[in-house]
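Please work through each task with the structure at hand before reading its solution.

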Amino acid sequence: MNLRHLLTLATVALTVQANAENYRDMEPLTLEVPEMKAELVKLPERSAANFERVDPAASPKMDFDFFKTKTNPGVKAYKFMDDMTFVGIPLFAAGWAIKGDKAMFRVNQKAESGGKKNTQLLTDFKTGIDDYTQFFGPAMVVGLKLGGYEGRSDWPRLLASAGLSYAIMAGFVNGIKYSAKEMRPDGSTANSWPSGHTATAFVGASLLHKEYGLTRSPWWSVAGYGVATATGVMRVLNNRHWISDVMSGAGIGIMSTELGYALCDLLFKQKGLLRNDLMMDSEKPSFFSVSMGVGLGSKDLNFESGDDEMNIKFRAATVVDAEGAYFFNKYIGVGGRLRVRAQSAKDFGDFASSVAVEDLDAWHGLMPYYQNAFPADYVAATTAEQRLDNELTYLEKVGYQTQSESAWMANAPVTDSYGIVKSDHITEFTGSVGVYFNLPLSNHFALGTKALIGRSITQELDIDGHAEGNKKDIAYTVTLDNRPGMQDADGDPAVTLANLAYPTNTGEKWSDDWEYLTIGAKSSTSFGTGLSITYRYKSNFSWRLYCDYDYTRKDFTATYDPFHFMRKGLTSGASILMDSAGEYGDDRGLDAREYKATKHMNYVTLGLSFLVNI
């Protein structure tokens with residue numbers, strides 16, 4: 001071993017020795033274990049319905065076991081009438097109370113028995129959607145059930161509950177319909193009250209509510225009752241039902257479903273139940289609701305223009321709401337309301353008789369200026385029929401083509417006229433926000449009130465006119481006298497009309513469609529309040545009876561144009577003559593009449609709300 005290797009080995013040995021000396025005084029490494037203490041902790045209670053025993057990755061299986069009974073463990077049985085709310089009773093009673101507030105408003109030019117004319121008004125609004133939306137509830141229940149989405153009941157119990165509900169509803173509806181014999185607003189049949197479509201829709205909505213709204217998600221209930229409410233409103237707009245029919249139908253639908261389920265709870269007991277009701281622990285009364293009510297107050301509009309007056313009376317209004325509020329505690333919260341208030345005309349006054357006239361009556365009723373074209377002995381009569389006979393006799397004498405009344409009708413200036421009601425409603429859309437107050441009375445009942453401010457937009461009432469006939473010309477002589485002292489009050493030359501002849505045919509046909517009557521209003525600020533009592537029959541569902549008061553100041557404008565068609569039915573020269581003759585009456589001649597009125601609208605609404613507590 002050479003010297004270099006020896007030195008290297010000595011250096012390594014010394015280094016190892018030095019490092020060992022450095023670690024000699026170090027304390028040994030220790031591992032500290034934390035002290036573990038056993039305690040009993042109370043876990044929050046959960047219902048069997050909320051505890052899913054299904055693999056999250058597994059998808060629901062289709063359920064076609066229509067006759068197989070199954071019951072999930074831990075589901076609470078219902079006692080007889082344990083789930084009844086009786087909320088349908090006040091709805092039915094409200095419809096019964098207001099069912100006398102009706103009027104016929106159809107224009108129909110067809111002659112009825114005895115030769116009498118039907119001079120009512122018929123709206124041309126028509127939709128067939130309500131024929132299908134009435135089945136929204138059962139369609140959703142069956143679809144969800146077939147898809148394997150478990151609800152309250154198995155197939156046998158569900159089918160029995162639904163069958164009993166529809167059977168009870170059909171018995172009530174048909175029994176009342178054919179006993180009361182209430183005429184429909186379109187005059188078609190005497191089986192208006194109560195509404196079968198609405199009752200069917202609310203049975204379906206209640207099925208969806210009980211099967212899936214109470215056990216799965218409250219929004220199924222909102223969807224069901226929202227569509228059912230829309231169905232009822234469409235029945236009114238379709239001119240097939242009065243608002244009283246719809247409210248009573250809704251009450252029957254809810255009552256029938258509750259009775260159907262109560263009977264099945266008695267028959268099936270615990271068998272066939274799959275899920276418990278959802279539980280909600282929050283004490284804050286935050287909510288979302290859909291409502292239907294009847295509007296009272298401010299049921300007529302009066303317009304004045306000089307000495308001319310116009311009045312339209314309205315029926316009780318149909319009111320539909322969507323409302324919600326968030327509460328900071330048990331007593332106070334903030335929220336908003338969207339309200340649609342449709343008020344249909346009950347009485348159009350002179351408008352119906354004016355627009356519904358036809359044939360010769362139209363000419364003589366709306367153009368009385370030709371009376372002085374007949375000799376006095378032919379015009380004089382004690383009745384309208386005698387006068388018509390006298391005029392026809394005179395026209396035959398002078399050679400006019402009226403050998404018979406039918407010949408006169410064939411050449412009449414107006415051969416057909418009628419009104420088309422585009423909208424017989426004045427509809428208000430109001431959006432409001434404000435403060436909500438709640439006073440708990442017990443675990444289930446509470447009083448409430450609110451203070452709201454919002455904006456109201458009005459959709460106008462609109463009646464169109466249609467007239468057609470034979471264009472007429474009138475021969476006459478006009479003399480203008482501009483000599484000093486002969487001017488009229490406005491300084492214009494004095495006018496002398498002479499050689500006035502009865503209208504003659506030009507050989508042309510004419511027809512005219514125009515806006516006969518429109519009534520609308522400017523948007524305005526609305527103030528609202530109300531008093532309500534809420535019954536919380538489930539932890540997250542409530543029914544509410546309410547009485548709301550709303551105030552707004554409306555500037556209404558009515559445009560009435562009864563003589564528009566005369567410009568089409570006359571030659572230009574004859575039209576000038578008639579326009580001038582008309583100006584002697586009210587300075588407006590054949591022009592449209594415009595009326596304005598400012599009215600303080602005081603609305604009272606009585607109704608029922610379905611609430612989802614959120």
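The crossing of H2 and H8 is left-handed; the model under study is predicted.

**Exercise 1.** Determine how the axes of helix H2 (residues 88–97) and helix H8 (residues 243–268) are arranged, and describe the contact between them.

*Solution.* Step 1: the two axes come within 7 Å and cross at roughly 160°. Step 2: angles over 145 degrees count as roughly antiparallel, so H2 is roughly antiparallel to H8. Step 3: on the H2 side, the contact includes Leu91, Phe92 and Trp96, and on the H8 side it includes Met247, Ile252 and Met255. Step 4: by class, the residues of this contact comprise 10 nonpolar, 5 polar and no charged.

**Exercise 2.** Classify the aromatic pair of Phe202 and Tyr225, and state where its members lie.

*Solution.* Step 1: the structure holds 17 aromatic pairs. Step 2: in the pair of Phe202 and Tyr225, the distance is 6.1 Å centre to centre, with 45° between the planes, and the pair is tilted. Step 3: Phe202 belongs to helix H6 (residues 196–213) and Tyr225 to helix H7 (residues 218–237), 23 residues apart. Step 4: Phe202 is buried at a relative accessible area of 5%, and Tyr225 is buried at 3%.

**Exercise 3.** Classify the ring pair of Trp510 and Phe565.

*Solution.* Step 1: the ring centres are 5.9 Å apart and the planes lie at 10°, so the pair is stacked. Step 2: Trp510 is in strand S14 (residues 504–521) and Phe565 in helix H14 (residues 565–569), so the pair ties together parts 55 residues apart in sequence. Step 3: both Trp510 and Phe565 are buried.

Note on methods. Residues are numbered from 1 along each chain as its sequence is written. This is a predicted model: local features need pLDDT of at least 70, side-chain atom pairs count only at pLDDT 80 or more; totals for chains, interfaces and linings use all residues. Side-chain values use heavy atoms; hydrogens and water are left out. Axes are lines fitted to C-alpha atoms, for helices over the stretch in contact, and angles run from 0 to 180 degrees between N-to-C directions. Helices (H or I, at least four residues) and strands (E, at least two) are DSSP runs, numbered from the N terminus. Angles under 35 degrees count as roughly parallel, over 145 as roughly antiparallel, 65 to 115 as roughly perpendicular and the rest as oblique. A crossing is left-handed if the near helix is turned anticlockwise from the far one by less than a right angle, and right-handed if clockwise. Contact means heavy atoms within 4.5 Å. Ala, Val, Leu, Ile, Met, Phe, Trp, Tyr, Cys and Pro count as nonpolar, Asp, Glu, Lys and Arg as charged, and the others, Gly among them, as polar. Rings of Phe, Tyr and Trp (its six-membered ring) pair if their centres lie within 6.5 Å; planes under 30 degrees apart count as stacked, over 60 as edge-to-face and the rest as tilted. Buried means under 20% relative accessible area, exposed over 50%, partly exposed in between (1.4 Å probe, protein chains only).
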